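Trainee: I would like to go through the salt bridges here. Please set each value against its definition.

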Amino acid sequence: MKRDVAIVGAGYVGLPLARVFADAGKSVVLVDVDAERVAQLQRGESHVEDVPSETLGPLVEKGLIAATTDYDELRDADAILVALPTPLSRQREPDLRILVAASEEIAKRLRPGHLVVLESTTYPGTTREQMLPLLEAGSGLTAGADFHLAFSPERVDPGRDDWTTQNVPKVVGGIDDGSTEAAASLYASAIDEIHRVSSPEAAELTKLLENIFRSVNIALVNELAQLCDRMGIDVWEVVEAAATKPFGFMSFKPGPGLGGHCIPIDPFYLTWKAREYGFYTEFVELAGKVNESMPYFCRSLVSQALNHHRQQSLSGARILVLGVAYKPDIADTRESPAVKLLGLLRNAGADVAYHDPHVPSFHENGIAMSSVPLEPAAYDCVVIVTNHSSIDYDRLVEEAALVVDLRNATGANGRRSDKVWKL
Ligand code: SAJ
């Protein structure tokens with residue numbers, strides 16, 4: 001069946017993208033290798049919080065959104081958008097195996113007139129150096145002349161509903177003007193604002209700048225948090241005060257480290273590519289080091305709190321980790337610093353449980369656990385690692401014997417209470 005748009009990858013990027021095109025009346029087919037996920041989507045059931053089943057269902061019933069594991073359906077689509085994971089290898093280098101495999105499958109179905117757009121966050125050069133040759137080799141076609149090829153970074157902020165795929169400006173950069181215009185006009189049919197750049201490399205680096213900007217600034221306040229701990233200054237008070245400056249400052253908050261599938265990972269895509277040019281992105285790497293040290297710093301904070309407040313060591317202490325998702329009010333635990341901290345506390349001999357209203361259970365980093373009821377008094381220490389808004393933190397402080405607050409969830413009350421230790 002002819003489709004306006006095919007989206008390869010039905011994940012947290014692909015599904016909101018499908019929704020926004022369907023809302024604009026376009027017919028969309030989602031192509032994914034996960035047969036169970038495809039079957040769910042065909043039933044109108046969503047696995048992505050940002051696109052609830054109540055929204056997806058009617059679009060599937062109307063035939064505006066379909067899902068398949070069959071790459072052959074790409075032939076009948078006018079445009080092919082690729083929204084696949086770009087993880088790091090164990091050596092923390094770009095792992096493009098998923099993208100390469102998909103490009104080879106796409107190439108077999110490529111035909112003259114097709115538009116292909118890569119949305120996955122990756123290093124500058126991926127579209128032109130990796131994807132283009134695979135598409136040409138597998139199809140016998142010539143990029144630019146026979147089919148259009150561009151990069152357009154995804155800018156999904158999971159859990160956010162004020163800035164959405166529809167109203168966040170879309171950056172597009174093609175291998176030539178024709179490709180840029182083809183991508184721009186496709187996205188313009190469903191997205192409010194389009195911003196053209198001169199090449200896929202510029203678009204790829206735009207996304208990395210956005211995410212590295214966050215990683216570096218979070219690392220700055222994380223470093224200050226460690227200094228403030230030694231100086232006896234409340235870093236949260238300082239960040240809040242600096243945020244009163246109406247210009248020239250953007251506030252970031254310290255925490256137990258970086259989670260998610262973007263901020264902790266994307267900077268290393270640029271670091272890796274820069275080496276090809278004999279260039280060392282020292283800022284980026286230092287930020288990574290500082291952010292990755294935070295779970296260890298927080299472990300020592302818990303140890304100090306138990307020691308000073310209850311003359312207890314970590315070993316044998318009953319600890320409740322409150323919030324294991326990688327950020328508040330979502331269920332995703334990927335790369336979550338809470339999971340790293342939980343493992344460190346366990347390795348130190350503590351008896352650790354977790355409570356997270358959004359995460360009934362998880363299996364990450366070789367740790368598989370289920371959420372326990374929130375009973376603060378049953379533990380020697382409660383560690384607030386992810387500050388979900390549904391928790392009553394004042395009540396927690398009343399009921400708990402000791403609280404270590406890594407997110408300033410207890411706010412001013414935390415400052416005043418002698419049983420609250422804050423990052
Ligand atoms: N974090 C801090 N301090 C802060 C902000 C965040 O410690 O001041 C931590 C969070 O707890 C989380 C991690 O950093 O563990 C990442 O947080 P995030 O707010 O960047 O959330 P992501 O990774 O889900 O979404 C980000 C997008 N977020 C924002 O722009 C606010 C955006 O950078 C990208 O569109 C998206 O990643 C992506 O897909 O690249």
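Trainee: Why is the contact of Arg 97 with Asp 95 called a salt bridge?

Mentor: The rule asks for a side-chain nitrogen of Lys or Arg within 4 Å of a carboxyl oxygen of Asp or Glu. The closest N and O atoms of Arg 97 and Asp 95 are 2.7 Å apart, so the pair meets the definition. This is a predicted model: local features need pLDDT of at least 70, side-chain atom pairs count only at pLDDT 80 or more, and totals for chains, interfaces and linings use all residues. Residues are numbered from 1 along each chain as its sequence is written, and side-chain values use heavy atoms, with hydrogens and water left out.

Trainee: How do you know whether Asp 95 is buried or exposed?

Mentor: Buried means under 20% relative accessible area, exposed over 50%, partly exposed in between (1.4 Å probe, protein chains only). Asp 95 has 12%, so Asp 95 is buried. Arg 97 has 63%, so Arg 97 is exposed.

Trainee: What makes Glu 105 and Lys 108 a salt bridge?

Mentor: Their closest N and O atoms are 3.0 Å apart. Both residues lie in helix H4 (residues 97-109), 3 residues apart, about one turn of the helix. Helices (H or I, at least four residues) and strands (E, at least two) are DSSP runs, numbered from the N terminus.

Trainee: Why is Glu 105 called partly exposed?

Mentor: Its relative accessible area is 23%, so the in-between class applies. Glu 105 also belongs to a network of salt bridges with Asp 72, Arg 75, Lys 108 and Arg 109.

Trainee: How many salt bridges are there by this rule?

Mentor: The count is 28.
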